[in-house]
Amino acid sequence: MEPPENEGGTDLTITITVIRGNNPHGKKEDTFLSFLKVEVDGNVLGQSDQKHFSPAEERVDYDFTCSFHCLSDVRVLSDIIQKPVVVTVTEVLPEDKKSKVKTTVLGQAVVDLLPLLQGQSRFSCTVPLNPLTSSTAKLTTLDVCVGVSEPVLSQAELTASNLLKFTVETAYSVPEAWMLQTGPVPCTHIAAVELPLTAQKNQVLMFSEGQLKEGGLREEQRRQKKRPHRALLAPNNHFLPGVFIQEGPVENEDGELTGSEDVEFRDEAELLTNRVSWDTEIHCFLDAGGTTRLRQRITECRLWPVEIMRSLVPLEKLAETSQPGEENPEIPFHGVAFVDMGRLLYPGVQRIRGAYRIHPFSKAELQNKARRGVSVLKEQVKAAAIQARARASSSASSHRGKAGRNVDGGNKGAKEHAKKQLPRNPSRMNEAVGEAHSPTETEPPVNLEGNMYLEARTYIIIEVALEKPLVPKTSPAELARRVKALIPPRPLSPAGPSRAERAVSGFHRQVNNVVSHVSDQYAELFGAAPPPDACSRQQMMVQLMGSLNVSGRYFAFKEQMKPAVVRIVRDKMQRTEPFSDPQELRAFVSKLYVYLVDEMKTALSKVYSDEVDDEDDEAQDESQLTSLQLRRFAREAQLTGDYQQAAHYYQELVVRHPHEAAHKFDWGRLFMQTGDFMKAKECFHDAVSVLQSHQPSLMMCGVLAAMLEKYEEAQTFLQRATSVEPGGVVAWTLLGLIHESQDKPIQAEWAFLEARKLLRANEAKTGTHGEEEEEEDRKGKEKNEKLKDKTEEGEVTKSMDAEQDPGRGNQTSEAPGQPPAPSVTPRAARAKLSSSIYTETVHFLLHNFALQMAERALSQELLCAEGGRSFSYLLHVAQWQLLRADYCSATASLREALSHREQDAEAWALIGHCHYLQGASAEAMESYERSLSRCEQLLDSHLVLLRLGSIYLQQGQFEKARVVYLQACEQSASCLTWLGLGTTCYRLEELSVAEEALSEANRLNNQNPEVWAYLSLLSLRAGRPEKAELCQKYATRFHLQNESLSKEFRDLKEKLRFSHLEPCFAASAEAGIQTVHPNMFPT
């Protein structure tokens, strides 16, 4: 094998050793002679001696070694892995006296040299010996050993290089004209693609052995791939060992025909239509420069052309029909498929596979889509023509020594013979059509044969695989390390008490237990009365000890104390062995006694000091709120705009649970709402330091880093979030938005694709695909078109009110006039997503008040295929506008959303919030009432109930307000709900119920000034002026803002004061009349 010249290549010697043949079978079963021949790329490397078959061992020991030299040039190495070593075993038949020696080929084996390019300097393998015909035979194998003088690639070259596997499978729905055979020779079907080889050179892959097949049967799903250059190989050696075509669901393919509308066509085409099958895989070696250039070329242009042609003659013969010097030879049935290689730049992706449409070849389209101006097939035809003319000229020069007439006559005869044998160029067979459509100088030529691809809707399935990804994917461990470097984890809590400390605390508990029992015995004997003097105390002690001994408690106390003392001796004093010296024992017992007495005194002091504080602690525990209540009250304060109170609740939660990341995250949400992004960042970072895998905090850290234009940190946080939670649709979408903001379209596309896969998997689990929402959106759009014709707002409102609730139970029924569902096909169609990936992302961002990033996500939702101005989009836009205090725009968006779904409770609740914040109480009340009257339950009706109850109170509708506040107390009781209920009962003169409700509100929050104000009013009316004054002082202390309540308190206080004085004045006046009257009027 003669390699091309390369000055930089190293001379390598590759040695092939055929050790033995196992279980061979010749025509003569007992014994026979055989030899083998080794070839590479048609060049014979050597032939072994004739060896005898050993029937006892059932093998032939060849021990034949041959070798060939090659350069470590990249093109040579790529050629080596495409063309295997061929070993042919031949049997020598017994000699006949009348004839020469006869031989017959037993079989052929192939040895792939790919392991040499994978870092191995020597490898052994056992390859099957396949017969040249398709007849079956017993399994025969050859043991082969392949070695190289030195490693083909160094470790650095091996790490930087790559192996690309390009597979052309089958072209389906080929033109019907292809089935019309015009000659005895089968047609040639060729596919070609050009790929980088090194930093400067390219290589062309030719798939020239396509087989035309009729439709009617599907191709086998798991069929074996074939190797290239198989013209001289046995039929069973055409296949690559252990390499199969791996088909998958259409929705997981990377090609063009993956939509639901294409599935039915593909299913029919792959069953019924004619096709051309290659099923061939070609291996390409890429060095470091070639790998870098491949990555760069894909970045510059992700569409790569794969050209297809069909010819009645082979490529070499087609070259002979082209005119000398022709720059643009015609290619019959010239088509091109554009393979999107961009997905190979996705991190960690090593394989793409899909179906690609075949278009008529056009130089302009090739330039526009693939940015290439040269056809690979045309270049190959011109190169073949040059080689054919070179061979012809060399053949003619070899005959110049002969007579001139013989040379000329022979040449003339050869030309005439060639003209007779070679068919005409298929592209010129129809001259009438060519003349009728001959292009002008300014008009590009029309590819009439290529247009057949469009008419037949031909497509081809192609697979591209890499040994190593072009862009490595960062491992979760590396991402965790990066996050740890950005946010160091908080140190672990100190370890628990030691064994010695546990022993001492156990002794203290036993002392406490004994004291409790002795106290009980004392109470049984003497009661609670203290002793009068010291003498009586001594007598009482003697009586108590006697009682303890008689009852057996004293003995029980000693037994209870023994384990505690043993643990102190073992764990505290570290004494585990018995004493041999009595003096040492007495010293240790004395030391132990002193220590136990000291610890007993310490325990007794703790017992009596704890008893003093027990009652206070119990009362404090009863009044202390639970963590669940604190969290609920904090969110309520956040919704009502009382940010200071919300911060107080969150701070208390964090103090109680310093290692709970969720509380720190909620505190960060509060700072996001108030616009203090730096404090929010501190909270989110603190949450991650507590729990490095807390996904919401990681995502918000990424969002804030992107807002501060720290994109590397943002990518690190979001990539870590995607690795922590495999089902994180939001994390993948946010990562895609970050990549998009940095003008990285391929990385953004990768992140969005991963998010869609997860969303589709989640919806497949739940079994909902948005059929109800699609139907409602369709009806809403139709109604919206009708509403556009109405100009008066009254007519619009009247029309909206006249609509009836369609009901949830009828949403899945088939609409009148709707086409029936399509029949089930063998390949299921991809279900349409009920929502886009941006829907969940916008919800997360709005929930956490990241309005800047939410605006990006909303714009993407509007542009995506699953999005548009749908109901969910309009609802999110309204929420975004509401958070920005743009109430007019939010109201308009909600009106448009209600045209899609008029009966949606969430939309009516939001429009009620818009009216409430604008001060339109009547409109807000109407919207809230419509929201609560809907069949579907609100996700969070707490704020709606609070605001509706306050409106009823303002308008004096106390009965309605009481009903609303009672519902709020039942669903989620809080200080504000009890305050509202107490206020309504106070206005309804139900003072006892009002006092109970306000007392409960004061228990939940003793710093609410309005609660104290109403309690002061109730105390005044109940005749408790001192308590009323105290409550009023607390109301003033906590900054009561409601001036009307203060005025009402003063007026009621004055009224009650004068009402107390009226009986006194009346009694005084009556007494004065009785005493003065006789004196005034003498007798």
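Student: In what order do the four strands of the open sheet lie, and is the pairing parallel or antiparallel?

Tutor: In this predicted model, the order of the four strands is S5-S1-S9-S8, and their pairing is antiparallel. The strands at the edges are S5 (59-71) and S8 (122-128), each of which pairs on one side only. On average, neighbouring strands of this sheet are turned by 20 degrees against each other, with direction ignored.

Student: How do you know that strand S1 and strand S9 pair?

Tutor: Two strands pair if at least two bridges are found between them, and strand S1 (residues 11-22) and strand S9 (residues 141-148) share eight bridges in the antiparallel sense, so they count as paired.

Student: What makes the contact between Arg 20 and Asp 143 a salt bridge?

Tutor: The term requires a side-chain nitrogen of Lys or Arg within 4 Å of a carboxyl oxygen of Asp or Glu; the N to O distance for Arg 20 and Asp 143 is 2.9 Å, and therefore the pair meets that cut-off. This pair links distant parts of the chain, since Arg 20 belongs to strand S1 and Asp 143 to strand S9, 123 residues apart.

Student: Why is Asp 143 called buried, and why is Arg 20 called partly exposed?

Tutor: Buried means under 20% relative accessible area, exposed means over 50%, and partly exposed lies in between. Asp 143 is called buried because its relative accessible area is 13%, whereas Arg 20 is called partly exposed because its value is 25%.

Student: What makes Lys 213 and Glu 219 a salt bridge, and which network of salt bridges includes Lys 213?

Tutor: Their side chains meet at 3.5 Å, N to O, which is within the 4 Å limit, so the term applies. Lys 213 and Glu 219 are also linked with Arg 223, Glu 247, Arg 275 and Asp 279 in a network of salt bridges.

Student: Why does Met 545 count as partly exposed?

Tutor: Its relative accessibility is 37%, and because this falls between 20% and 50%, the residue is partly exposed. Met 545, which lies in helix H13 (residues 534-551), makes a nonpolar surface patch of about 290 Å² together with Met 541 and Tyr 554.

Methods
Residues are numbered from 1 along each chain as its sequence is written. This is a predicted model: local features need pLDDT of at least 70, side-chain atom pairs count only at pLDDT 80 or more; totals for chains, interfaces and linings use all residues. Side-chain values use heavy atoms; hydrogens and water are left out. Patches are made of residues with over 30% relative accessible area and no salt bridge: like charges are joined within 9 Å, nonpolar side chains (Val, Leu, Ile, Met, Phe, Trp, Tyr) within 5 Å. Accessible areas come from the Shrake-Rupley method with a 1.4 Å probe; for residues, only the protein chains shown count as cover. Helices (H or I, at least four residues) and strands (E, at least two) are DSSP runs, numbered from the N terminus. Buried means under 20% relative accessible area, exposed over 50%, partly exposed in between (1.4 Å probe, protein chains only). Axes are lines fitted to C-alpha atoms, for helices over the stretch in contact, and angles run from 0 to 180 degrees between N-to-C directions.
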